[in-house]
Amino acid sequence: MQSYIKTIEDLSLNAWPSHQLQIYDGWLLRFSYFYTHRTNSVEQIGPSTIPLDEKIPYCENIYNRWGTPCIFKITPLIDPAFDSLLAERGYQVAHPTEVKVQDLTGFSLEPDTRVDLEKDISWEWLDALFSLKGTTSRIHRKIVPTMYAAIPKDTIAASVVRDNKIAAIGLGILDRDHIGLYAIHVDPYHRRRHLARSICIRILQEGIRQGARHAYLQVVPDNISAKTLYDSLGFQDLYPYWFRLKRV
């Protein structure tokens, strides 16, 4: 179990680059103007030698200079004592997330509607992402395209068009023998029409065609409609993670 969790964590890091990175004694400090918790947090990727009483304030100082909260990602790979230590230092739990996985052997579902697939992430797809997420921050609109362009793995950009406009999108990221599902968004006007389901199925189909044997995704616990969809596709819970956040 622990080794597979480590694999999924590695795949997730590859799939979602940050705007800036620093390596600090086995810790990866990620910064992206607080676009997401994942891309703006500290992740432990190797052994640590510097005392925590020195390392944690160092990270707090860095994120303070960057102008964002100091955030640590907590997974089952992290010593529970570290999570408790952060709680004692005033860090609050933020953005709990569930990781789901699926063995794609025998996957045979079919989409309900046409889904367009592209190998590259186009400006049209990015514009749709901003529109569907309601992203208005000028700095996010500037840096996010560079983050997607920095993905070092093969991608599958999916979209569904309605009335000459992109109504739903999704992204598949291939790494080793896995396909990760990311950025599944549907225009509210077109929800409950199986567009997200069709996008997921087509990405998984194309992933299988390109050699994927397993799939993974991440979803927040209170997104019941998304969890119901992913369960219907065959995904199962693997592990939860969360963040510890403190404004410094």
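This is a predicted model: local features need pLDDT of at least 70, side-chain atom pairs count only at pLDDT 80 or more; totals for chains, interfaces and linings use all residues.

Colleague: Which helix gives the most to the lining of the largest cavity?

Modeller: That cavity has a volume of about 40 Å³. Its lining includes Glu-9, Ser-12 and Leu-13, along with Trp-16 and Arg-30. With three residues, the top contributor is helix α1 (residues 2–15).

Colleague: How many residues of that lining are charged?

Modeller: Asp, Glu, Lys and Arg count as charged. Among the lining residues are Arg-38, Glu-43 and Lys-73. Two of the lining residues are nonpolar and one is polar, while the charged ones number five.

Colleague: Is Trp-16 buried or exposed?

Modeller: Buried means under 20% relative accessible area. Trp-16 has 7% relative accessibility, so Trp-16 counts as buried.

Colleague: What kind of aromatic pair do Trp-16 and Tyr-35 make?

Modeller: A search of the whole structure finds 14 aromatic pairs. For this one, the ring centres are 6.2 Å apart and the planes are at 65°. Planes over 60 degrees apart count as edge-to-face, so Trp-16 and Tyr-35 are edge-to-face.

Colleague: How many residues apart in sequence are the parts that this pair ties together?

Modeller: Trp-16 sits in the loop between α1 and β1 (20–24). Tyr-35 is in the loop between β2 (27–31) and β3 (42–44), so the parts tied together are apart in sequence by 19 residues.

Colleague: Which residue lies over the face of Trp-27?

Modeller: Look for a charge over the ring, at 3.8 Å from the ring centre. The face of Tyr-24 has that residue over it too, at 5.6 Å. The residue over Trp-27 is Lys-55.

Terms used
Residues are numbered from 1 along each chain as its sequence is written. Side-chain values use heavy atoms; hydrogens and water are left out. On a 1 Å grid over the protein atoms alone, a cavity is a set of points where a 1.4 Å probe fits but cannot get out, and a pocket is an open set with protein on both sides within 12 Å along at least five of seven lines; lining residues have an atom within 4 Å of a point. Grid points are joined across faces, edges and corners, and a volume is the space filled by probe spheres set on the points. Helices (H or I, at least four residues) and strands (E, at least two) are DSSP runs, numbered from the N terminus. Rings of Phe, Tyr and Trp (its six-membered ring) pair if their centres lie within 6.5 Å; planes under 30 degrees apart count as stacked, over 60 as edge-to-face and the rest as tilted. Buried means under 20% relative accessible area, exposed over 50%, partly exposed in between (1.4 Å probe, protein chains only). A charge sits over a ring if NZ of Lys or CZ of Arg is within 6 Å of the ring centre and within 35 degrees of the ring normal.
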